[in-house]
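Here are my notes for a first look at this structure. Have it open next to you and follow along point by point.

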Amino acid sequence: MDKDLASIQEARDLAQKAHTAWTSWGHATQAEVDRVCAAMAEAGYQAADRLGRLAQEETGFGSAPHKKIKNEFGSRVVWESLRGLKTVGVVRHDPDRRLYEIAWPMGVIVALIPSTNPTSTAFFKALIAVKSRNAIVFAPHPSAVRCTYEAIHAMAMAAENAGAPKGLLSCMQQVSLPGTQELMKHRLTALILATGGSPMV
């Protein structure tokens with residue numbers, strides 16, 4: 001099987017599944033959003049040590065104890081900073097200016113993840129996407145596919161168990177440059193969150 005073609009097909013499939021999940025998640029209530037995000041953050045926090053070791057082993061970067069700390073920060077601490085933030089409906093009203101700010105999701109977000117912080121960055125991006133009622137598909141660095149996938153899998157399972165639709169969070173496993181490019185330019189992709197070196201970004 002051609003690796004590039006398989007990667008392109010996987011990108012298309014994940015984008016479509018994410019969009020399908022978003023069509024319902026885009027109408028979630030604030031209570032539903034916060035329940036799902038809390039479950040995701042806790043799952044990430046509980047997996048912090050295992051994923052820190054996996055990230056260090058797979059990429060060769062950093063130290064496992066430091067990556068554990070970053071994972072704990074990227075899950076629980078990030079969630080604590082977002083928890084009270086209103087992301088559904090009217091989020092601000094200025095009666096003097098007769099101005100209402102209404103939160104509305106973008107749709108499908110594509111997240112490029114670097115090899116240097118492959119799990120903690122994934123946690124952070126997953127939380128901000130779901131908190132704002134978006135779906136998200138991750139394109140990991142080729143040298144960090146397993147640990148990034150495992151990080152997203154942990155959060156995705158927790159999200160689904162808390163009531164999120166299947167496919168809201170997903171991660172490519174057959175990574176190639178053509179596949180990542182297909183994901184970024186896909187007709188259903190609404191926003192790209194790119195973190196990494198200049199060739200990737």
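1. Start at the hairpin: β1 and β2 form it with four residues between them, and R98 in the turn has a positive phi of about 55 degrees. The two strands run antiparallel and are joined by five bridges, with G89 standing opposite A103 in β2. Strands here are DSSP E runs of at least two residues and helices are H or I runs of at least four, numbered from the N terminus; two strands pair if DSSP finds at least two bridges between them.

2. Before going further, a word on what you're looking at. This is a predicted model, in which local features need pLDDT of at least 70 and side-chain atom pairs count only at pLDDT 80 or more, while totals for chains, interfaces and linings use all residues. Numbering runs from 1 along each chain as its sequence is written, and side-chain values use heavy atoms, leaving out hydrogens and water.

3. Back to that positive phi. Most residues other than glycine have a negative phi. R98, in the loop between β1 (89-94) and β2 (99-103), is not a glycine and still has a positive one. R133 does this too, with a phi of about 65 degrees; look for R133 in the loop between α5 and β4 (135-139). Buried or exposed, what is R98? R98 counts as exposed at 75% relative accessibility, whereas R133 is buried, with a relative accessible area of 3%. (Buried means under 20% relative accessible area, exposed over 50%, partly exposed in between, using a 1.4 Å probe and protein chains only.)

4. Now the open sheet: four strands in the order β5-β4-β3-β6, with parallel pairing. β5 (169-171) and β6 (189-194) are the edge strands, each pairing on one side only. On average, neighbouring strands are turned by 20 degrees against each other, direction ignored. β3 (residues 108-112) pairs with β6 in the parallel sense over five bridges, and A111 stands opposite L193 in β6.

5. α5 packs on this sheet, touching β3, β4, β5 and β6, and its direction makes about 160 degrees with that of β4. Contact means heavy atoms within 4.5 Å. Axes are lines fitted to C-alpha atoms, for helices over the stretch in contact, and angles run from 0 to 180 degrees between N-to-C directions.

6. α5 has a helix partner as well. The axes of α2 (residues 30-46) and α5 (residues 120-131) come within 9 Å and cross at roughly 170 degrees.

7. Which residues touch the most other members of the largest nonpolar core? They are M40, L127, F138 and L169, out of 54 residues. Such a core is a set of buried Ala, Val, Leu, Ile, Met, Phe, Trp, Tyr and Cys residues joined through side-chain atoms within 4.5 Å. Leaving aside neighbours within four places in sequence, L169 is in contact with several residues, including M40, A126 and V130.

8. Last, have a look at E182 in helix α7 (residues 177-185). E182 counts as buried at 12% relative accessibility. Beyond its neighbours within four places in sequence, E182 is in contact with I8, A11 and R12.
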